[in-house]
Amino acid sequence: MTPQTPRTTPHTDALTLEVVELVGTVVARYHEEYEEAAAKHSLTGAQARVLALLSREPMPMRRIAQKLKCEPSNVTGIVDRLEGRGLVERRPDPDDRRVKLAAATEDGRETAGRLRASLNFAREPLAGLSTEERTTLRDLLRRMLGETP
């Protein structure tokens, strides 16, 4: 019996594996900086992520949980803590009064904006890319995520 050479597939070729490792490194660095930035605003990383979502639009707890890929009960505790700090409020959904929406308050939107502005990771390297290169990178990342540009 002779050993077989493993066949290279698009999922196991060296270039794909290198790209996967690079994406993982970028994600890890981003999360590290996000946690540090959140702490400077006396927030946990999870609280900061919920606040960032809610600063864009109000949404029900279930949708927040889906976006963050966690249990709705976890989101409830996070929203409770953000609400206690005056950064988030609960309000009835105008389309379905039985549903409560979590929404960032004015202070919450300002805090989310300051937090977003303090995230410096990748800004300098991205600034070294042309507009065309940044657009291509954005479009490729969207495609990887299954989003249409």
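**Close-up views of a nonpolar patch and an aromatic pair**

Helix H1 supplies the largest share of the nonpolar patch, four residues. The model is a predicted one, in which local features need pLDDT of at least 70 and side-chain atom pairs count only at pLDDT 80 or more, while totals for chains, interfaces and linings use all residues. Residues are numbered from 1 along each chain as its sequence is written, and side-chain values use heavy atoms, with hydrogens and water left out.

**View 1. The nonpolar patch on the surface.** Leu15, Val19, Val23, Val27, Leu126, Leu137, Leu141, Met144 and Leu145 make up this patch, and together they have about 780 Å² of accessible area (Shrake-Rupley method, 1.4 Å probe, with only the protein chains shown counting as cover for residues). Patch members have over 30% relative accessible area and no salt bridge, and nonpolar side chains are joined within 5 Å; a salt bridge is a side-chain nitrogen of Lys or Arg within 4 Å of a carboxyl oxygen of Asp or Glu. Two or more residues come from each of H1 and helix H7 (131-144), helices being DSSP runs (H or I) of at least four residues, numbered from the N terminus.

**View 2. Val19 in helix H1.** Val19 has 38% relative accessibility and is therefore partly exposed (between the limits of under 20% for buried and over 50% for exposed, 1.4 Å probe, protein chains only).

**View 3. The one aromatic pair found in the whole structure.** The ring centres of Tyr30 and Tyr34 lie 5.5 Å apart and their planes meet at 40°, so the pair is tilted (centres within 6.5 Å; under 30 degrees is stacked, over 60 edge-to-face and the rest tilted). Because they are four residues apart in helix H1 (residues 14-40), about one helical turn separates Tyr30 and Tyr34. Tyr30 is partly exposed at 35% relative accessible area, whereas Tyr34 is buried at 6%.

Terms used: Rings of Phe, Tyr and Trp (its six-membered ring) pair if their centres lie within 6.5 Å; planes under 30 degrees apart count as stacked, over 60 as edge-to-face and the rest as tilted. Patches are made of residues with over 30% relative accessible area and no salt bridge: like charges are joined within 9 Å, nonpolar side chains (Val, Leu, Ile, Met, Phe, Trp, Tyr) within 5 Å.
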